[in-house]
Amino acid sequence: MEVVVEGSEGSARLDRVLAAHLTDLSRSRLKALILAGAVTLKASAIRDPAYHVSSGDTITIDVPEAVPAEPKGEDIALDIVFEDDDIVVLNKPKGLVVHPAAGHETGTLVNALIAHCGTSLSGIGGVRRPGIVHRLDKDTTGLMVVAKNDLAHASLTAQFADHGRTGPMQRGYMAFVWGVPGRQRGTVDAPIDRHPFAREKMAVRPGGREAVTHWELQAAYQGPSGKPVAALLACQLETGRTHQIRVHAASRGHPLISDALYGGALALDVPRQALHAARLGFAHPITGEALRFEAPLPPELAAGWQAAGLPDPVF
């Protein structure tokens with residue numbers, strides 16, 4: 001589709017101009033297309049809904065064909081750590097999106113789980129689908145648990161909402177950060193909300209949702225000058241906000257290595273944000289048994305750790 005900006009629309013917001021011309025598309029659909037890079041001006045993608053257009057601009061919108069509302073199973077390999085009739089615990093690799101969304105309608109963990117589990121899936125909402133109760137960012141690796149039926153889904157959802165305050169829920173991460181904290185351990189208690197200008201980001205903001213991260217220094221890395229330049233932190237979540245560890249680390253001046261979204265400079269041997277969900281503990285949703293799982297650092301993160309001759313990280 002093409003939209004030509006009329007004279008009276010000059011300097012107006014992109015999303016508002018498109019909404020006025022493309023009445024068959026909802027505002028949320030248009031925003032998703034913009035954020036996905038499907039809206040272009042002079043062959044360059046415009047990813048900011050608040051971008052101010054100019055009179056005479058010709059804007060192109062690439063609207064993909066409609067896809068089925070229910071995701072389909074796809075043959076995608078999974079690293080299964082534990083599985084029974086009620087749950088699947090897996091070690092998610094980097095680059096795998098958890099569930100379908102704009103720009104990632106296929107090739108997700110949900111597609112893989114539908115193929116793996118067949119008919120034994122949660123039916124919450126009247127649709128047969130995997131019971132996703134928590135998420136990891138696309139390029140964050142590590143442990144996740146998925147419900148295979150409604151009873152398991154309800155129990156796990158309650159445990160994640162409680163964040164281990166009254167039960168055995170534990171979520172431990174390994175985070176490689178730039179700089180070295182001045183003490184051995186600490187807690188970041190800072191509310192998180194959507195960034196006021198960059199909508200793809202979160203930020204520490206007064207009045208945001210409660211967010212608490214506990215951390216402990218595992219090791220410091222020395223630079224060529226012999227001074228510490230980076231550190232490995234063991235982080236424990238007391239809440240589960242979007243991008244929580246990434247936002248909290250950056251807010252304290254220690255952004256994750258290779259986390260470009262939050263200011264972490266790229267390390268050539270670490271092609272993505274250096275964050276790994278290394279430990280996951282919870283009560284089995286049916287039997288009540290306390291379960292705990294650990295996943296070693298993936299190769300691209302373990303290489304630097306091992307090269308430094310450091311002992312295995314611990315929580």
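A: Let's start with helix H3, which is largely enclosed by the rest of the structure because seven of its nine residues are buried. Here, buried means under 20% relative accessible area, with over 50% called exposed and the range in between partly exposed (1.4 Å probe, protein chains only). Helices (H or I, at least four residues) and strands (E, at least two) are DSSP runs, numbered from the N terminus. The model is predicted, so local features need pLDDT of at least 70 and side-chain atom pairs pLDDT 80 or more, while totals for chains, interfaces and linings use all residues. Residues are numbered from 1 along each chain as its sequence is written, and side-chain values use heavy atoms, leaving out hydrogens and water.

Which residues of H3 are buried? They are Leu109, Val110, Asn111, Ala112, Leu113, Ile114 and Cys117. The cover over them includes E6, strand E7 (131-132) and E8.

The largest nonpolar core contains 29 residues, and Tyr173 and Ile245 have the most contacts inside it. Such a core is a set of buried Ala, Val, Leu, Ile, Met, Phe, Trp, Tyr and Cys residues joined through side-chain atoms within 4.5 Å. Strand E6 (87-92), helix H3 (109-117), strand E8 (141-147), E9, strand E13 (212-222), E14, H5 and E15 each give this core at least two residues. H3 makes the largest contribution, with five residues. Another core, of 18 residues, lies apart from this one, and Val5, Val17, Ile59 and Ile61 are among its members. In soluble globular proteins, nonpolar side chains tend to be buried together.

Setting aside neighbours within four places in sequence, Ile245 is in contact (heavy atoms within 4.5 Å) with Tyr173, Ala175, Thr213, Cys235, Leu237, Leu256 and Leu275.

Why is E9 largely enclosed by the rest of the structure? Seven of the nine residues of E9 are buried, so the rest of the structure largely encloses this strand. E9 pairs with strand E15 (residues 275-283) in the antiparallel sense over six bridges; strands count as paired if DSSP finds at least two bridges between them. In E15, Arg279 is the bridge partner of Gly172. E9 also pairs with strand E14 (residues 228-237), again antiparallel, over seven bridges, and there Val177 stands opposite Ala231.
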